Amino acid sequence: MNTKNNRRRRESVERIEKAFVELLQDRELNELTVSDICKKCGLNRSTFYANFADLYDLADQVRKRLEDDVSELYEEENTEGWNSNDYLRLFRHIRKNQLFYRTYFKLGYDNHFKLKYYDIHQAERHFDNRYIAYHVEFFRSGLNALVKMWLAGGCRETPEEMDEILRSEYQGRGELTGPGSGD
């Protein structure tokens, strides 16, 4: 029985996702086929279609899994309503999951993901509660550009160095607006 959480099904989904992410490193989504993915991961098309409607559903599930993983990094803070300003945790996660992040950016999902890791309350204090939407967009775009550049360079810098680079951009402003608070 192929129930939602059985081990064999989870393993199949993981193999499909891994093959998809690996193939996307050298091709565009519109150049991939279900057959390409099945051949790479050694599974039948019926297994693919038992888990995904099509390639776009697979792409969306990979996106959702990565966004859920990032949300879990700051779950305690989000639940309890505090902000650690801990981007080091995020940079470590990015380095560990480089292929997934490259895929995420390649598919353009970074332009659709609503930034949850910007402390609106700190921004309101720092910017006198003016033009907050612009500050959020500036921060989101800057952080995404920083991460994309780091990924393109093979994550040569350590997560600690990336955290230092990000923090240096916010010197003189008091606390760094960071992960943990919703918008």
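Modeller: At 2% relative accessibility, Cys 155 counts as buried, where buried means under 20% relative accessible area, with a 1.4 Å probe and protein chains only. This is a predicted model, in which local features need pLDDT of at least 70 and side-chain atom pairs count only at pLDDT 80 or more, while totals for chains, interfaces and linings use all residues. Residues are numbered from 1 along each chain as its sequence is written, and side-chain values use heavy atoms, with hydrogens and water left out.

Cys 155 sits in the loop between α9 (132-152) and α10 (159-168); helices here are DSSP runs of H or I with at least four residues, numbered from the N terminus. Although Cys 155 is not a glycine, its phi is positive, at about 55 degrees. Most residues other than glycine have a negative phi.

As for bonding, a disulfide is a covalent bond between the sulfur atoms of two cysteines. With a disulfide taken as a pair of cysteine sulfur atoms within 2.5 Å, the count comes to zero. Cys 38 and Cys 41 illustrate this, because the closest cysteine sulfur to that of Cys 38 is the one in Cys 41, at 5.4 Å, which is too far for a bond.

Technical notes: Helices (H or I, at least four residues) and strands (E, at least two) are DSSP runs, numbered from the N terminus. Buried means under 20% relative accessible area, exposed over 50%, partly exposed in between (1.4 Å probe, protein chains only).
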